[in-house]
Amino acid sequence: MELIMNRSENALWLCTLIISILSLSINSNLIDLVIYWSIIILCIGNAKRLHSNKYIHASTIIRRSMYILPLLLPLIIEVKFPETNTSLIWISVGLVVGILFILPKITTWRIVLSDDYVSLVTKKENRFYYFMGTYTLIGCAIAEELFFRYYIMNMFEGTEHILLGIFLSSFLFMVLHYGTKWSSKFTKFDLSLQLIFGLVSASMYVFSGSIVPSLIAHITYNSPHIIQNIKSILFTYKNNESKTELGA
């Protein structure tokens, strides 16, 4: 058994040390963030252990939820709900930001989201996992924005360290994606994009005073993956209906 932590795991725990130092020197409230961050690392790092061949659907739902629910702990425990009132202008800004972050890979997405490609890679037996993929992508987008933007940024609101808050929330957002077990799929370009997106999203939250633009931007940013899963789900039903008609 491999007992040595890899670089991504070291990065996650190093952030715990950094936050602890900041809590001693800048903001004592950050000690709460240390606790929540540690819980998130432990939950996400061990999520894949929750697998059962006998109860595969139930274990998959629980496992996927482990990527979402820990990020919502601050809101659940502290019962602090974000401001959702926002102007149409900021809603539009959030939508445009999400689209702009899709553009660097627009050529790839045109191919991946084509009907021919979807029909080629979609497997009927994976229908449940396409549902779970959609659930995870939307759930993570919401939970990540509530944690990294709403919860963390509120710790710095009204202080002279607001820029530090923007950078810290964005850096932790990027490191979490780097440290998760699917991070091998992320290139250096992807990680840079995660950091930049975090900076833009945090800035939107600060200037708009609402979490809604950030939520819209993140869900839009994830929308190609969401659309791919939905098209796969629809294809499995369409393909099943075609086989039924042929057999009639």
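D190 forms a salt bridge with K105, and their closest N and O atoms are 2.7 Å apart; a salt bridge here is a side-chain nitrogen of Lys or Arg within 4 Å of a carboxyl oxygen of Asp or Glu. Because D190 lies in helix α10 (residues 188–208) and K105 in the loop between α5 and α6 (106–112), the pair ties together parts that are 85 residues apart in sequence. Helices are DSSP runs (H or I, at least four residues), numbered from the N terminus.

The model is predicted: local features need pLDDT of at least 70, side-chain atom pairs count only at pLDDT 80 or more, and totals for chains, interfaces and linings use all residues. Residues are numbered from 1 along each chain as its sequence is written, and side-chain values use heavy atoms, without hydrogens and water.

By the salt-bridge rule, the count is three.

| Salt bridge | Closest N and O atoms |
|---|---|
| D190 and K105 | 2.7 Å |
| D115 and K231 | 2.7 Å |
| E145 and R149 | 2.7 Å |

D115 in helix α7 (residues 115–121) and K231 in helix α11 (residues 212–247) are 116 residues apart, so described as a link between distant parts of the chain. By contrast, E145 and R149 both lie in helix α8 (residues 127–156), four residues apart, about one turn of the helix.

Burial is judged by relative accessible area: buried means under 20%, exposed over 50%, and partly exposed in between (1.4 Å probe, protein chains only). D190 is buried at 9%, whereas K105 is partly exposed at 34%. D115 is exposed at 56%, and K231 is partly exposed at 24%. Both E145 and R149 are buried.

Technical notes:
Helix = DSSP H or I, 4+ residues; strand = E, 2+ residues; numbered from the N terminus.
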